Amino acid sequence: MEQIYLDNSATTALCAEAKAAMQAAMERFGNPSSLHSLGADAALLLKQSRAAVGEALGERFLKDGQLIFTSCGTEATALALLGTARAKSRRTASTVLTTDSEHPSVERNLALLEKEGFRVVRVPTRGGVLDMDVVRAHCTADLFMVSMMLVNNETGARYPVEEVFRLARAASRDVVCHCDAVQGLFKVPFSVRTLGADLVTVSAHKIHGPKGVGALYVSERILKERRLVPFLAGGGQEFGLRSGTENTIGIAGFAAAAREGARTARSSMPRMAALSARLVDGLAGGEITVNRPPVAAPHIVSITLPGIKSETMLHHLARAGISVSAGSACSSHAAGPSSVLLAFGLSPEAAGCTLRVSFCESNTESDVDALLAALSSGLQSLVRMKH
Ligand code: PLP
């Protein structure tokens with residue numbers, strides 16, 4: 001049976017360029033910290049890879065320490081949030097502004113900081129719209145850090161991160177602004193400069209690179225003012241900010257995927273938007289509701305089924321060779337309805353009947369049509385089974 005993969009927000013297939021780069025990197029096996037020629041060769045590969053990921057984020061000329069490779073997006077975010085908190089001097093402000101629909105890698109680390117005495121304000125995102133009145137109310141001199149995602153991984157909502165960072169800086173010169181851009185890279189146009197961010201998280205496996213590699217962009221200001229400290233003690237790799245011998249093979253794959261993503265972004269973004277529009281149009285007037293934020297990334301469509309559990313439909317679709325997800329892959333370990341969907345405004349029952357469809361540029365119109373047909377047959381057979 002032909003497999004139709006529509007779960008690209010969970011992870012993406014490796015692109016040919018990443019595979020080839022990783023194969024080549026396997027031969028360049030030296031430790032980048034070694035002083036002999038094999039080490040120097042691995043260090044060169046690392047340097048070129050760093051430049052490629054930096055360029056994908058709009059930074060052509062990275063200074064030392066501005067791009068830190070990590071083991072995943074989650075680790076990059078933990079470094080950003082915990083590393084900033086650990087670097088805090090006692091006297092400074094202590095409010096952290098975030099949203100009520102962040103990925104667990106942000107939410108759970110901020111919950112840890114909350115236990116340590118930080119005041120964490122979670123701005124509502126009902127309907128996928130960030131409540132700017134709440135943002136404004138909390139942009140005061142007590143603002144220590146802002147952590148806000150660019151694109152929500154369950155609803156596709158694109159939050160106005162640039163505006164929030166601008167308001168935050170106007171209120172507090174010393175504020176540190178972090179953006180989780182894992183779902184935004186090559187889906188919506190941005191650079192670290194246009195965001196106005198100090199720290200930006202990205203992850204390779206969401207852009208057709210390998211799993212187990214992420215990166216944290218760090219602004220010059222943060223480095224100069226020593227506003228970030230490592231939380232892994234060790235050999236001092238990655239400019240002292242992330243100890244541990246670098247995953248050169250994965251990093252080479254990340255860089256190749258970043259080059260390819262940057263090369264094709266201009267055509268892939270409208271392509272994904274067209275696929276989403278085809279799905280939304282195909283569902284119009286039917287029983288399935290689309291949870292569409294007013295400003296959304298092109299690749300994610302969240303849909304709620306009429307009284308059918310998401311898992312039930314998910315298995316029906318899987319039998320037709322179609323892969324989607326119930327909520328997000330990361331929340332599939334959590335018990336109960338997705339807190340992100342509740343924050344969006346869905347009832348717990350509706351959240352339990354919600355599926356996420358997520359595209360990449362190589363999906364086709366016929367993939368969408370096959371999904372629409374399978375949803376329609378599921379609506380008939382599965383509803384009948386309930387009655
Ligand atoms: N942030 C968002 C918005 C995500 O969707 C994900 C992955 O699902 C992550 C962070 C975590 O990235 P990683 O899987 O590389 O740890």
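**Entry 1: N109.** I looked up N109 and found that, leaving aside residues up to four places away in sequence, N109 touches A78, L81, L82 and P104. Contact here means heavy atoms within 4.5 Å. The model is predicted: local features need pLDDT of at least 70, side-chain atom pairs count only at pLDDT 80 or more, and totals for chains, interfaces and linings use all residues. Residues are numbered from 1 along each chain as its sequence is written, and side-chain values use heavy atoms, with hydrogens and water left out. I placed N109 in helix α4 (residues 104–115). Helices (H or I, at least four residues) and strands (E, at least two) are DSSP runs, numbered from the N terminus. N109 has a relative accessible area of 11% and is buried. Buried means under 20% relative accessible area, exposed over 50%, and partly exposed in between, with a 1.4 Å probe and protein chains only.

**Entry 2: T77.** I next found T77 in helix α3 (residues 73–86). Its relative accessibility is 0%, so T77 counts as buried. Residues up to four places away in sequence not counted, T77 touches S105, V106, H178 and T201.

**Entry 3: V218.** V218 sits in strand β8 (residues 214–218). V218 counts as buried because its relative accessibility is 0%. I listed what V218 touches, not counting residues up to four places away in sequence: G65, Q66, I68, D198, L199, L223 and L228. I also checked V218 against R259, 41 residues apart along the chain, and their C-alpha atoms are separated by 20 Å.

**Entry 4: domains.** The domain assignment of the chain gives domain 1 (4–10 + 265–386) and domain 2 (16–259); such bounds come from an automatic or database domain assignment. Taken over C-alpha atoms, the centres of domain 1 and domain 2 are separated by 28 Å. The contact takes 30 residues from domain 1 and 25 residues from domain 2.

**Entry 5: cores.** A nonpolar core is a set of buried Ala, Val, Leu, Ile, Met, Phe, Trp, Tyr and Cys residues joined through side-chain atoms within 4.5 Å. The largest one has 52 residues, and L97, V146, L150 and F254 touch the most other members. Helix α9 (residues 248–283) gives this core its largest share, six residues. Domain 1 and domain 2 each supply at least three residues to this core. I followed V146, which touches L97, V164, F165, A168, V175, V176, C177 and H178, not counting residues up to four places away in sequence. A second, separate core has 26 residues, including I288, C353, V357 and L371.

**Entry 6: cavity.** On a 1 Å grid over the protein atoms alone, a cavity is a set of points where a 1.4 Å probe fits but cannot get out, and a pocket is an open set with protein on both sides within 12 Å along at least five of seven lines; lining residues have an atom within 4 Å of a point. Grid points are joined across faces, edges and corners, and a volume is the space filled by probe spheres set on the points. I found one cavity of 30 Å³ or more. S101, T125, G128, N152, T155, Y159, V340, A343 and F344 line the largest cavity. Domain 1 and domain 2 both give residues to this lining, so the largest cavity lies between them.

**Entry 7: pocket.** The second largest pocket has a volume of about 360 Å³. Its lining has 16 residues, of which A43, L46, K47, R50 and F239 lie nearest its centre.
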